[in-house]
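I opened this notebook to record what I looked up in one structure. The entries run from the whole chain to single residues.

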Amino acid sequence: MTLGEIRRLYFIIKIFLTYGLDELIPHMRITLPLRIWRRCIFWIPNKHKNESTGVRIRLAMEQLGPVWIKFGQMLSTRRDLFPPAIADELAVLQDRVAPFDGLKAKEQIERSIGGPVETWFDDFDIKPLASASIAQVHTATLKSNGRDVVIKVIRPDILPVIKADMKLIYRMAHWVPRLLPDGRRLRPVEVVRDYEKTLIDELNLLRESANAIQLRRNFEQSPMLYVPEVFSDYCSESMMVMERIYGIPISDVAALEQHGVNMKILAERGVQVFFTQVFRDSFFHADMHPGNIFVSYDHPEDPQYIAIDCGIVGSLNKEDKRYLAENFIAFFNRDYRKVAELHVDSGWVPPDTNVEDFEFAIRTVCEPIFEKPLAEISFGHVLLNLFNTARRFNMEVQPQLVLLQKTLLYIEGIGRQLYPQLDLWKTAKPFLEDWIKDQIGIPAILRAVKDKAPFWAEKLPELPELFYDSMRQHKLLQHSVDKLVSDMNAQRTRHHKARYLFGVGATLLLSGTAVLLSRPDWDFFPALLMAAGIVTWLIGWRKTN
Ligand SMILES: Nc1ncnc2c1ncn2[C@@H]1O[C@H](COP(=O)(O)OP(=O)(O)OP(=O)(O)O)[C@@H](O)[C@H]1O
């Protein structure tokens with residue numbers, strides 16, 4: 001451990017103790033050395049005794065900075081790991097990070113483009129438009145086409161901080177099973193590994209650029225969603241340039257109403273955009289927090305969303321999509337038996353799972369949810385409960401599904417904030433049913449034929465040659481097979497003969513020996529029998545080779 005790491009570790013421990021997080025360790029797990037050590041650092045008492053555990057964890061994470069804040073935000077989505085009170089607190093963790101010096105951002109941009117900012121941009125604003133834990137955003141105008149753009153720059157000093165903190169988080173993850181009774185179930189090292197991957201992905205703005213380009217292409221000309229254009233010629237790992245958008249922040253409900261936005265359509269469109277991304281494109285924006293969603297000022301009666309920050313995206317394969325669609329439909333028909341059977345038939349849970357037990361477990365957690373009117377039911381919570389139950393029955397829930405469930409919660413939250421009467425089920429059900437219909441039956445067959453048509457069209461001219469080749473191969477193969485069969489038959493006959501000769505030889509030898517023993521005065525006849533026996537054996541032995 002370097003001196004810097006020791007200092008940082010001390011700081012982290014100090015914050016943990018100041019917020020009394022050591023009190024989360026059960027008494028029986030506090031060994032004598034730990035107790036003595038805690039007494040030795042008496043000058044760091046728990047200063048927040050009156051706050052709840054969740055609040056104390058949240059405050060500590062906010063104090064520890066961006067890496068921990070983001071970690072907390074990610075943990076808030078793992079409701080299978082924490083009690084709701086803690087997960088709810090983690091969900092409200094805020095990035096309150098001071099902006100970094102605009103001059104530093106300018107330097108970073110110049111290093112990235114290999115020249116002064118003025119070569120490519122006019123009106124670069126040294127004052128950031130926005131600042132977050134990983135990156136900062138500045139405005140400018142693109143010289144080549146006069147378009148207003150934003151330049152997103154990774155914080156120059158963030159990488160060493162992330163590396164150092166991640167190392168310490170890993171170290172602490174290894175302590176968790178020893179300190180908490182439930183520590184092993186929390187799978188701390190795996191959780192940290194997932195987090196590290198997300199964080200590293202977010203540090204590469206080329207990834208975000210590629211995601212934004214893909215999402216924009218998927219919704220080209222769509223009245224529902226607009227994604228700003230990315231100017232990829234100017235993008236690098238640490239810098240991203242995209243069209244500046246001017247929209248109404250989705251959280252500003254008053255401004256939306258004042259502008260005459262049709263809130264019902266807007267709320268329903270949110271759900272439709274999400275399901276389109278998931279089921280049509282298998283590619284969904286997975287960082288749908290309100291800061292990343294805007295509404296266009298144009299045609300408020302037919303409102304269009306604007307999405308930014310495609311740093312985190314999810315994608316589902318065909319099986320995952322089927323899983324979701326079929327389960328949702330079975331759920332909302334309250335057909336828990338079907339849900340349980342679907343899990344077993346598709347191999348999501350082990351084949352020896354007791355369907356009755358599984359059905360009962362799902363019913364137990366879901367029936368209370370369905371006590372509410374359908375319009376108030378949260379898809380996200382239904383999914384969450386399903387995942388938690390399925391995990392108990394040894395289903396390995398894919399991280400992409402967890403990401404989707406988290407996004408769904410955001411979408412629902414936003415939708416209901418915009419239009420409290422929003423009936424998610426009514427909006428989504430036709431979508432899911434159409435998708436399932438489309439996946440089975442005639443349309444699916446026609447699509448498969450259409451998909452394969454170019455392959456067959458390409459192979460058609462080669463068919464006569466392929467046919468001739470295969471006939472020749474067949475003939476050659478038949479010849480080899482015939483030869484092999486006749487060889488085997490000949491060998492079998494030889495073996496039979498050899499076995500017969502061994503038998504005869506043995507009989508002659510035994511007879512010769514018997515005659516010699518009973519009539520010692522007959523020396524020629526037994527010798528003849530024995531010699532004939534040996535010769536017969538030798539002939540038999542030759543046949544075996
Ligand atoms: N194309 C854009 N046009 C106008 N404003 C933008 C644009 N892109 C980003 N911004 C502004 O910059 C802010 C931060 O951008 P972005 O969300 O991409 O950064 P971030 O570092 O990923 O932040 P976070 O992780 O907190 O979402 C946005 O909330 C928005 O106000």
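**Entry 1: the whole chain**

I compared the radius of gyration of the protein chain, 37 Å, with the value near 24 Å that a compact globule of 545 residues would have. The radius is taken over C-alpha atoms, and the globule rule is 2.2 Å times the number of residues to the power 0.38. I note that this is a predicted model, in which local features need pLDDT of at least 70 and side-chain atom pairs count only at pLDDT 80 or more, while totals for chains, interfaces and linings use all residues. Residues are numbered from 1 along each chain as its sequence is written, and side-chain values use heavy atoms, with hydrogens and water left out.

I then looked up the extent of the C-alpha trace, which spans about 130 × 75 × 60 Å along its principal axes. The protein chain has 20 helices and 11 strands; these are DSSP runs (helices H or I, at least four residues; strands E, at least two), numbered from the N terminus.

For burial, I found that 43% of the 545 residues are buried. Buried means under 20% relative accessible area, exposed over 50%, and partly exposed in between, with a 1.4 Å probe and protein chains only. The protein chain exposes about 30100 Å², of which carbon and sulfur atoms supply 59%; the areas come from the Shrake-Rupley method with a 1.4 Å probe, and for residues only the protein chains shown count as cover.

I also looked up contacts, meaning heavy atoms within 4.5 Å. Among those between residues at least 6 apart in sequence, 68% join residues at least 24 apart.

**Entry 2: the four-stranded sheet**

I traced an open sheet of 4 strands in the order β5-β10-β9-β7, with mixed pairing. Its edge strands are β5 (225-226) and β7, each of which pairs on one side only. Two strands pair if DSSP finds at least two bridges between them.

I next followed β9 (residues 293-296) to both of its partners. Strand β7 (residues 247-249) runs antiparallel to β9 and is joined to it by 3 bridges. Strand β10 (residues 305-307) is also antiparallel to β9, again with 3 bridges.

Which way do the side chains of β9 point? Ile293 and Val295 point one way, Phe294 and Ser296 the other way, and all are buried.

I checked helix α4 (residues 66-75) and found 8 of its 10 residues buried, so it is largely enclosed by the rest of the structure. The buried residues are Val67, Trp68, Ile69, Lys70, Phe71, Gly72, Met74 and Leu75. They pack against α1 (3-18), α3 (53-64), α5 (84-91), α7 (158-179) and α8 (188-203).

Strand β4 (residues 148-154) pairs with β6 in the antiparallel sense over 5 bridges, and Val153 stands opposite Met239 in β6.

**Entry 3: loop residues**

I looked up Gln221, which has a positive phi of about 65° although it is not a glycine. Gln221 sits in the loop between α9 (205-218) and β5. Its relative accessible area is 76%, so Gln221 is exposed.

Asp309 has a phi near 60°, a positive value in a residue other than glycine. Asp309 lies in the loop between β10 and β11 (313-314). Is Asp309 buried or exposed? Its relative accessibility is 16%, so Asp309 counts as buried.

At 34% relative accessibility, Asp125 counts as partly exposed. Not counting residues up to four places away in sequence, Asp125 touches His138 and Thr139. I also noted Gly102, which is 23 residues from Asp125 along the chain; their C-alpha atoms are separated by 8.2 Å.
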